[in-house]
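Student: Can we go through this structure together? I'd like to talk about side chains, salt bridges and helix packing.

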Amino acid sequence: MPSKSEDIIKDLHAGKYAPVYFLQGEEPYFIDVISDFIEKNAIPEHEKGFNQTIMYGKDAPMNAIMSNARRFPMMAERQVVIVKEAQNIPGLGKEEVDTLLLNYLQNPLPSTILVFAHKYKVLDGRKALAKELDKKAILVKSDKVPDYKMAEWVTSYINSKGHKIDNRTASVLAESIGNNLEVMTNEIGKMLINFTEPTQIDANHIHRFIGINKDYNNFELTKALGVKDVIKANKIILYFGQNPKGHPLIPLIALLFNYFQKIAITHELKGASDQDLARTIGVNLYFVKDYRIAAKNYNLGKVIDSFSYLKEADLRSKGVNANGMDESQILKELIFKIMH
């Protein structure tokens, strides 16, 4: 079974290195964190000129990679060979190319740390190479963090940096930025650099340092919809219309679709405990009461109607029957239909 990224990162920080790492998956963030750590820390800076080789898959035939891996370090304990963009290695997945790496895995050079950064895809798990990597190397599968787990991930990440964040503010960050971890960590980093002591992050901090309006954001829009606060919802979409680059329509429609999907499931599971409902719809237990309120305000028939309004808005955003409407007009009409 592939190793978890978090476990490998802990081992690296403890100075534990393996001969071969194969990092693969749709989420490049964890692949970069692991490969960058090895690049920066596995050998001393003064040894890197002779004992650290960075290759790029497109220009790195497997036989060249293996030649570098089998080379002994020069006047040092070990060497590092990192293959970036390894998904572009010529012929990877074909038997004659895979066999070269399979042979190396049978007897990897202990003084070499060989790293493959294989982004956005995974090897065919049915083939011999993937099976052997799982047995003889550190095989990491880096999956995307689902949208519904992003707030939890944000909380954990900020805690790991020595700070704290409340559930509501973590959700604002998650729903405003999405599940691109590189963007998320960059934005959080811009904020945390301003704090020299452990800090409780709140809405004012993300407004000041990241630029997410504490009153007009995706989280506040769904909250206003849930309680049928027409005035607040319209203020938010007016703000969105004035700032279209920061609030594009298509991702917002997807977010609203997921929101009403959760309301539909809340109707279906109206007798479930808060814990079971939270687990099923994929939200923090803290927010279950908001979905129960929304389910009271939107009966199942209205939820189904809302899906059709969202589909209509999605088509219009792509130019189908738009009748010259811009994104702000499409959004305004969508919210009106949902709330009335």
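This is a predicted model: local features need pLDDT of at least 70, side-chain atom pairs count only at pLDDT 80 or more; totals for chains, interfaces and linings use all residues.

Student: OK, surface to begin with. Which residues form a nonpolar patch there?

Tutor: Phe-50, Met-74 and Met-75 do, and together they have about 390 Å² of accessible area.

Student: Where is Met-75 placed?

Tutor: Met-75 sits in the loop between α4 (62–69) and β3 (79–84).

Student: Is Met-75 buried or exposed?

Tutor: Exposed. The relative accessible area of Met-75 is 76%, and the class follows because exposed means over 50%.

Student: And the backbone of Met-75, what is its phi?

Tutor: Phi of Met-75 is near 50°, which is a positive value in a residue other than glycine.

Student: Which other residue has a positive phi although it is not a glycine?

Tutor: Glu-85 is one, with a phi of about 50°. Glu-85 is found in the loop between β3 and α5 (95–106).

Student: How accessible is Glu-85?

Tutor: Glu-85 is partly exposed, at a relative accessible area of 27%.

Student: Switching to charges. How many salt bridges are there?

Tutor: The count comes to 17 salt bridges. The cut-off behind that count is a side-chain nitrogen of Lys or Arg within 4 Å of a carboxyl oxygen of Asp or Glu.

Student: Let's take Glu-27. Which side chain does it meet in a salt bridge?

Tutor: Lys-144, with 3.5 Å from N to O. This pair links distant parts of the chain, 117 residues apart. Glu-27 is in the loop between β1 (20–25) and α2 (28–41), while Lys-144 is in the loop between β5 (138–141) and α7 (150–160).

Student: Is Glu-27 buried or exposed?

Tutor: Buried, because its relative accessibility is 1% and the limit for that class is under 20%. Lys-144, in contrast, counts as partly exposed at 35% relative accessibility.

Student: What about Lys-84, which partner does it have?

Tutor: The side chain of Lys-84 meets that of Glu-39 in a salt bridge of 3.2 Å, N to O. Here too the pair links distant parts of the chain: Lys-84 belongs to strand β3 and Glu-39 to helix α2, 45 residues apart. Glu-39 is partly exposed, with a relative accessible area of 21%.

Student: And Asp-124, what does its side chain meet?

Tutor: Arg-126, in a salt bridge of 3.0 Å, N to O. Asp-124 counts as partly exposed at 28% relative accessibility, whereas Arg-126 is exposed at 69%.

Student: Last topic, helices. At what angle do the axes of α8 and α9 cross?

Tutor: Roughly 130°, and the axes come within 10 Å. Helix α8 covers residues 167–177 and helix α9 covers residues 181–192.

Terms used: Residues are numbered from 1 along each chain as its sequence is written. Side-chain values use heavy atoms; hydrogens and water are left out. Patches are made of residues with over 30% relative accessible area and no salt bridge: like charges are joined within 9 Å, nonpolar side chains (Val, Leu, Ile, Met, Phe, Trp, Tyr) within 5 Å. Accessible areas come from the Shrake-Rupley method with a 1.4 Å probe; for residues, only the protein chains shown count as cover. Helices (H or I, at least four residues) and strands (E, at least two) are DSSP runs, numbered from the N terminus. Buried means under 20% relative accessible area, exposed over 50%, partly exposed in between (1.4 Å probe, protein chains only). Axes are lines fitted to C-alpha atoms, for helices over the stretch in contact, and angles run from 0 to 180 degrees between N-to-C directions.
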